[in-house]
Amino acid sequence: MSTFKVLGKPARRVDAVEKVLGTARYTVDLKMPGMLVAKILRSPVPHAEIVKLDVTPALKVPGVAAAITSEDYVDHSNWGFPVKDDYMLAYQRVRYVGDPIAAVAAETEEAAEAGLKAIVLELKELPAVFDTQAALRPDAPLLHPELSQAESEPAGDSEFIEVKAKGNLSDHLIVRQGDPLAALAGCDVVIDERYSVSHQEHAYLETEAALAVPTPDGGVTVYIGDQSPFITQGNLVTTLGLPAEKVRVVQTRYIGGAFGGKSDMIYECAGQAAKLALVTGRPVKLTTSREESMIASYKRDAMVSHFRIGADRDGTIRACKVEAWADSGAYASMTPFTSWRAAIHAMGPYRYNACAVDVYGVYTNNGYSGAFRGFGNPEVTAGSEQAIDELAEKCGMDPLEFRLKNCIKLGDTLPYGQKLEESVGLEACLRRVRELSDWDRKRAEYARQPAGRERRRGIGVACFFHGCSLGAEGVDDATHIIRLGPANRFQIISGLTDYGQGSRTVFALIAAEASGLPLERFEWSAGDTDVSKDCGPTVASRSTLLGGNATRLAAERLRQQIVNAAALLLRCDAGAVQQDGETFSAGGRSVALDEIINFAREMNVPLSASARWQMPKIHWSFTEGRGVPYVAYHFGAQVAEVEVDTRTGKTRVLHIWAVHDIGRVVFPEGAKGQVIGGIAQGLGYGLLERVEFQNGYNTNPNFDTYLIPTAADMPAVTVEFVENPLSFGPYGAKNVAEPSLVPTAPAIANAIYHATGRRVRHMPANLERVLLGRDLVDSVVTYQDGVCERARCDVGGAADT
Amino acid sequence: MRIQFTLNGRPTTVDAPADIPLLHLLRDYLELTGTKCGCEIGECGACSVLLDGEVVNSCLVPAPQVEGRDVVTIEGIRGPDGGPSDLQEAFIEAGAVQCGFCTPGMILAATALLAKHPQPSRPQIIEALSGNLCRCTGYQQIVDAIELTVRRRAGKEVQA
């Protein structure tokens with residue numbers, strides 16, 4: 001650490017001043033002269049055929065400038081990746097409550113609303129299905145009968161996903177090693193349990209918005225707060241039928257949170273606003289209300305999982321068989337990818353002799369599911385880390401000791417055949433979190449609580465691994481440009497987005513470290529398809545690794561250019577130039593950076609460098625369920641201490657200790673903030689948050705009914721990092737943003753069990769589940785005694801039963 | 001209708017419909033977009049402003065109700081040099097800002113708290129922030145930033 005000039009030292013977020021002053025303008029704040037307001041007509045039912053759709057009456061409403069449907073696009077606005085099953089505006093059929101059908105642009109919001117009301121829409125309701133198990137029955141209503149003939153696009157150069165689309169099965173991802181059933185039969189101790197997690201809402205505070213402006217050449221520029229400007233551009237090119245050079249996507253400088261949620265839904269907003277702008281020849285702004293956002297946008301998939309894990313009597317884990325069903329909802333969106341990440345991580349970070357994992361993505365009429373921080377891993381880890389706890393208990397071992405005994409260590413081979421050669425800090429994380437939390441003492445003390453005590457304390461642990469970046473999903477690269485800008489500062493130009501996670505600060509710190517120049521010499525810019533290079537999507541916590549490496553390389557090249565220019569001024573060889581911050585010297589003479597820059601401007605010497613960095617290539621066999629899914633992994637362990645009021649079922653989390661191996665700490669306050677923020681979302685996932693679909697209707701679409709943690713719900717959080725540098729990470733860094741929420745919910749669930757002696761295998765562990773062991777809304781469901789008779793009820797609400 | 005009130009210390013007159021909330025008056029008629037719209041039902045606190053020194057959700061205040069009263073928005077919170085105040089500076093230093101969308105509301109809630117209780121306890125700070133949702137930070141560094149401000153104002157810690 002001490003060898004770094006700026007990395008790992010206190011630093012200010014480079015874009016914080018505008019945010020604290022309130023001068024930062026987000027997409028929802030943008031306005032233009034002559035701007036029209038767009039509104040979307042959305043499906044009022046979960047599944048229906050569009051019998052009649054006539055928007056011409058809307059055009060007669062005063063103030064309405066345009067009204068469009070899927071007919072106004074190329075190929076009925078069909079888009080989607082990896083499965084092309086979605087539409088900018090519905091074509092022939094709607095598949096969830098909130099599915100967009102038509103769009104109106106008008107002078108005012110009131111006129112736009114009146115326009116929507118004037119649209120003639122006739123729907124013929126179709127049978128719908130609200131749980132994954134029912135959706136897989138042969139007689140289930142089909143959401144995508146047209147996809148029964150498998151159709152998909154290859155993802156990058158992997159053989160990814162031959163989408164099965166048999167019935168409502170959208171995908172099936174596997175991991176295989178040996179014969180787990182035979183191995184389980186030979187185990188001394190086996191646990192066999194079902195777990196479930198609910199749909200989770202991203203709840204980014206800025207709702208979706210897009211401002212589309214027609215350009216004089218017949219093209220369109222879209223200002224938007226998305227996660228991937230080049231994907232937005234690609235979808236616009238496809239559905240609008242315009243060449244790429246006529247479609248420009250400019251990221252708004254400030255984005256009010258994303259967490260995986262500002263992808264597919266916001267691509268649709270872009271497509272709707274852009275078409276209206278092209279039709280009207282005027283700027284068009286589309287903003288969703290909170291209710292509209294929560295109803296129409298995609299969620300974290302709900303999942304039901306079945307774990308069988310076996311061990312020897314001495315506590316050595318031997319084998320597992322995992323099956324899980326992800327509720328994809330109406331469209332595939334990212335579910336094929338989240339299911340793949342779920343499959344890879346389903347066994348947890350342990351050694352196994354034999355295993356089989358099957359994760360199924362299933363279409364239903366419950367909204368739709370897509371990317372959300374953690375991307376499949378929190379869904380399976382909520383189950384696996386409780387299962388491991390249950391297995392430890394059956395083996396008569398302390399759960400933390402049991403994890404230490406079985407966790408993957410440097411040099412181990414993962415069940416799917418990948419040998420881990422570097423940067424494996426899991427054991428160190430577990431040992432450190434044990435010390436920090438005073439685990440052994442509290443574990444023993446709380447086990448001695450009198451049986452009749454009403455407020456009961458417990459302490460639980462969960463550990464995990466999380467593959468860095470996209471892995472074998474596809475090509476994984478980024479290109480950054482650092483160029484001289486106004487005021488003698490250098491602009492870092494990236495196609496990666498900072499929606500609050502702090503990547504632009506990380507890039508500036510890395511540029512300062514690599515160039516030896518002060519941090520203040522660097523400024524950031526927002527993504528722009530006309531200026532930035534395509535860096536791939538801002539997902540999978542890949543910015544630091546990919547963008548950080550590209551920044552480091554570009555900054556090193558920039559430094560060499562500066563040294564070369566200094567050598568011309570100093571009349572010496574470049575090799576003789578010594579740098580001390582902004583001062584460059586040779587032979588007793590020195591020049592300041594500003595002199596060099598002015599000289600370079602006069603002499604037209606370029607001070608601009610770019611660099612591309614690509615992840616090492618790996619291969620995963622999707623048909624064999626073996627290979628190398630990710631080049632490297634983040635590791636971590638969290639301990640939660642809780643107090644459960646057994647009279648009310650209320651769980652108060654008293655403290656969480658989190659220790660994560662992130663390779664290298666670049667931006668300490670930022671990294672810490674990522675962990676605490678992830679823990680807040682994980683706490684919500686474990687205790688509070690559940691999108692309540694009833695017969696496909698989202699019944700809690702605002703913050704009065706969908707509760708996310710407040711300041712008062714949060715415990716004190718202690719964060720520490722293990723630095724286990726990754727050889728090809730920028731200065732050894734891996735990643736932090738996405739993984740931090742993965743172990744929180746199961747750590748809390750394990751602590752609740754320690755406090756009460758009763759397992760809550762179904763998240764969120766809300767009052768009735770903790771108090772009664774079942775849901776009040778559906779008393780038939782039995783969650784106790786290892787049997788979940790109708791786990792599917794937990795997936796889709798009380799729904800179709 | 002014509003509404004006259006004091007906005008960030010200045011007498012202000014604006015013509016606006018009577019049936020809009022203060023939030024829209026600020027954002028759409030006065031172009032003060034630092035006040036954010038997050039839920040429009042008074043749950044998230046992104047639209048917090050000070051009304052006669054009390055923190056309120058501006059989405060729930062009918063615009064005509066501010067007639068003759070004193071309103072402070074985030075644009076009215078500044079240090080002596082027009083830059084960040086000590087509280088705003090502490091938010092930056094403590095890592096209390098991520099996406100920044102909740103930040104104006106958080107700063108106004110903290111401003112109201114510190115005006116009444118210059119030496120609040122940590123539980124008092126947490127209570128004062130509990131009407132403001134943040135989805136990014138997990139709140140801890142926001143509470144830290146307010147404590148840092150309290151210590152500095154008491155002269156116990158000098159600004160770096």
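Biologist: Which residue in β13(A) stands opposite A:I224?

Modeller: A:I224 stands opposite A:Q251. A strand is a DSSP run of E with at least two residues, a helix is a run of H or I with at least four, and both are numbered from the N terminus. Two strands pair if DSSP finds at least two bridges between them. Here strand β12 (residues 220-224) of chain A and β13(A) pair in the parallel sense, over five bridges.

Biologist: Which helix packs on the sheet and touches β12 and β13 of chain A?

Modeller: Helix α6 (residues 229-240) of chain A does, and its direction makes about 150 degrees with that of β13(A). Axes are lines fitted to C-alpha atoms, for helices over the stretch in contact, and angles run from 0 to 180 degrees between N-to-C directions. Contact between two residues requires C-beta atoms, placed from the backbone, within 7 Å.

Biologist: How should I read the labels, and how was the model made?

Modeller: Residues are numbered from 1 along each chain as its sequence is written, while chains are lettered from A and ligands numbered from 1 in the order in which they are written. The model is predicted: local features need pLDDT of at least 70, side-chain atom pairs count only at pLDDT 80 or more, and totals for chains, interfaces and linings use all residues.

Biologist: What is the order of the strands in the open sheet of chain A?

Modeller: The seven strands run β3-β7-β1-β14-β11-β12-β13, with mixed pairing. At the edges are β3 (64-68) and β13 (247-251) of chain A, each pairing on one side only. From one strand to the next, the twist averages 20 degrees. Helix α7 (residues 264-280) of chain A lies across several strands, including β1 (36-42) and β7 (100-106), and runs at about 30 degrees to β11(A).

Biologist: Where do β1(B) and β2(B) form a hairpin, and how many residues are between them?

Modeller: Strand β1 (residues 2-7) and strand β2 (residues 10-15) of chain B pair in the antiparallel sense over six bridges. Two residues lie between them, and B:N8 in the turn has a positive phi of about 50 degrees. B:L7 stands opposite B:R10. β1(B) also pairs in the parallel sense with strand β5 (residues 70-72) of chain B, over two bridges, where B:T6 has B:D70 as its bridge partner.

Biologist: Which domains does chain B have?

Modeller: Domain bounds come from an automatic or database domain assignment. For chain B it gives domain 1 (2-76) and domain 2 (86-153). Their centres, taken over C-alpha atoms, are 21 Å apart. The contact takes 14 residues from domain 1 of chain B and 13 residues from domain 2 of chain B. On the domain 1 side, β3 (48-51) and β4 (54-57) of chain B each give two or more residues, and β3(B) has the largest share, three residues.

Biologist: How many residues of chain A are in contact with chain B?

Modeller: The size of an interface is often given as the accessible area lost when the parts come together. Here the description is by contacts: 45 residues of chain A meet 40 residues of chain B. The largest share of the chain A side, eight residues, comes from α17(A). By class, that side has 22 nonpolar, 13 polar and 10 charged residues. Ala, Val, Leu, Ile, Met, Phe, Trp, Tyr, Cys and Pro count as nonpolar, Asp, Glu, Lys and Arg as charged, and the others, Gly among them, as polar.
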